[in-house]
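I opened this model to go through its helix packing and its annotated sites, one entry at a time.

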Amino acid sequence: MGRLRLLGTETRRTLIPTAGYGSSTRPASLPKRYTTAHEWILYDSDTSIGTTGITDYAQSSLGDVVFVELPTPGTEVAAGEPLGAVESVKAASDIYAPVSGVVHEVNEQLSDEPGLLNKSPEMLGWLCRIKLSNPAEVETLLTEEAYKAHCEADEH
Amino acid sequence: MGKRGMASDAGKETLLKTGLYDFHVKHGAKMVPFAGYSMPLSYGTVGQVTAHNHVRTAVGLFDVGHMVQSFIRGPTAPAFLEWITPSGFASLGHFSSQLSVILNDNGGIIDDTVICRHDDTTYYVVTNAGRRLEDLAWFKEKIEQWNAELGGKDGKVEIEVLEDQGLVALQGPEAPKVLQKLTSYDLTDLAFGKSTYADITGVRCHIARGGYTGEDGFEISIPPAHTVAITETLLQGPVQLTGLGARDSLRLEAGMCLYGHDLNEDISPIEAALTWVIPKPRREKGGFIGAETVLQQLKDGPTKRRVGLIVDDAPAREGAAIVSEEQEPIGTVTSGIPSPTLGTNIAMGYVKSGFHKKGNSVLVQVRNKTRKATLTPMPFVPTKYYRGKGIQSP
């Protein structure tokens, strides 16, 4: 498995639209956080909406993704509970909600093009947006540095 | 994210190594526990789909040296083999192979095996690594019993296990071209299901035409001292090393069973849709271990049957429940993957008799949602065996 290659935060911010509220004007303090189960979340405190997906490390370990199971908008989810699933030839992987809240929107494009998860896991391949019920949960998640360290530990 | 699936079994005991272990590590293999051995799952950064497609379109090389190779010899060897299996070995041509099953007293499958008749008294037997202990204990017990009572008076039977003998599989449409460069034996004389002894780079090897992918190819049995050198030599031109990941998706596309998943001691060959390994006279006369159940099931029909499925939306993996359109539980998936060749989700599993007709619609439960599935004939991907000079594979 390849080493973790995270893209620069600046690129990511401009490419991930946050629920159509005009992401280019977002302040530079949007925190991107990670879970030990290899999900990422980009949280927008103005709207209380977090965009979530699986990390590049996760996609490279999965291999070619052929199917993405997405939650139904309106579904209530609790942090750590199954949110959906990703299927590759190798295996099925559950995706867990990084935070609690209500599913606000899902990335419908993944139904037609599951390979987006491999091509652009942390940008175009976002999975869904969650309206957070407890925004403080974001702070409990891993920072980019901590997540990087977690992945490196995983490799050994 | 939490991973499920992948047919590998993590053993806590010390893992065994084939003669090619260091070779795999040198070639960047990701080694995983499988059937008590440390075996290559994949090599370098080559993904399962790429490796799979390479075997379908060019040629891949697999280490299958974990499998158990033996000779069963003796004047009564044919009769002995027709006792411990339901297949026909007395009339098999020399250097011809037959897929068969070793049955327990209840007609359940102890293992599936390929047996090649070399001459009237010598048979080359390949069995699964994961069943090594069970098979060898069974052989020992049955040989003792045979020699003491049933066949002993006409000549005893013995088994020789070829310890550390190398076994590699060269699989794919370009396999004959690659191998022909290394041997003076004319491979066009070797049709699917046939074997020969031939020199590869001057070393006498056993070459069997066939494999576990549905492609044309060879399984090459190599003396221990030469396994690494010959494998190095085979790894040339278009040949790519291929691991267990691709092996699993290739065999499933070809509709072939994986012991411990699609077959076990509680499944009979009739239920497993392997009736074809039992020649017609034996279906009537029996005379093999487990015959009572097998003949009964042939007469009354089995209660469950192995079937192929194409599942909509999500791939169904091993353990997924199969239910009827009326939500009645009717079976279980035993292997399933998204097919790299077809782009659809293929699976095999067992359903109650009556639901087993090809074309039937059933439902499969994946993550608490039911998905539509259609019973589909296997192989899912047509096999491309070499049937002999001038004969087209159907």
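**Entry 1: ground rules.** I take buried to mean under 20% relative accessible area, exposed over 50%, and partly exposed in between, with a 1.4 Å probe and protein chains only. The model is predicted, so local features need pLDDT of at least 70, side-chain atom pairs count only at pLDDT 80 or more, and totals for chains, interfaces and linings use all residues; side-chain values use heavy atoms, with hydrogens and water left out. Residues are numbered from 1 along each chain as its sequence is written, while chains are lettered from A and ligands numbered from 1 in the order in which they are written.

Entry 2: I looked up A:Lys90, which carries the UniProt annotation "modified residue: N6-lipoyllysine" from an unreviewed entry. UniProt positions are in the numbering used here, feature names are shortened, and annotations may be inferred rather than shown by experiment. A:Lys90 lies in the loop between strand 6 (82–88) and strand 7 (92–96) of chain A. Helices (H or I, at least four residues) and strands (E, at least two) are DSSP runs, numbered from the N terminus.

**Entry 3: chain A as a whole.** I noted five helices and nine strands in chain A. Along the sequence, their pattern is α-β-β-β-α-β-β-β-β-β-α-α-β-α. Chain A has 156 residues, and 53% of them count as buried. I also checked contacts (heavy atoms within 4.5 Å). Of the contacts in chain A with a separation of 6 or more, 62% are between residues 24 or more positions apart.

**Entry 4: the annotated domain of chain B.** UniProt, in an unreviewed entry, places "domain: GCVT N-terminal" at residues 20–279 of chain B. I read 26% helix and 30% strand over residues 20–279 of chain B, with the end C-alpha atoms 38 Å apart.

**Entry 5: helix 2 and helix 7 of chain B.** Two packed helices are described by the angle between their axes and the distance between the axes. Axes here are lines fitted to C-alpha atoms, for helices over the stretch in contact, and angles run from 0 to 180 degrees between N-to-C directions. How do the axes of helix 2 (residues 48–57) and helix 7 (residues 244–253) of chain B cross? They come within 8 Å and cross at roughly 55°. Helix 2 and helix 7 of chain B are therefore oblique to each other; angles under 35 degrees count as roughly parallel, over 145 as roughly antiparallel, 65 to 115 as roughly perpendicular and the rest as oblique.

I then asked how many residues of helix 7 of chain B are buried. The count is 10 of the 10 residues, so helix 7 of chain B is largely enclosed by the rest of the structure. Its buried residues pack against several elements of chain B, including helix 2, strand 17 (329–338) and strand 18 (345–352). After helix 7 of chain B comes B:Gly255, with a positive phi near 75°.

**Entry 6: helix 3 and helix 4 of chain B.** The axes of helix 3 (residues 77–84) and helix 4 (residues 132–150) of chain B come within 11 Å and cross at roughly 125°. That makes helix 3 of chain B oblique to helix 4 of chain B. Among the residues of helix 3 of chain B that meet helix 4 are B:Phe80 and B:Trp83, and B:Phe139 and B:Trp146 are among their partners' side. Helix 3 of chain B is mostly covered, with seven of its eight residues buried. The buried residues of helix 3 of chain B pack against helix 4 and helix 8 (280–285), among other elements of chain B.

Entry 7: UniProt (unreviewed entry) puts a "binding site" at B:Glu219, and I located B:Glu219 in strand 13 (residues 217–222) of chain B. Beyond its neighbours within four places in sequence, B:Glu219 has contacts that include B:Val168, B:His206 and B:Tyr212. B:Gln165 sits in the loop between strand 9 (158–161) and strand 10 (166–171) of chain B. B:Gln165 is buried, with a relative accessible area of 18%. Leaving aside neighbours within four places in sequence, B:Gln165 is in contact with residues including B:Gln69, B:Ser221 and B:Pro223.
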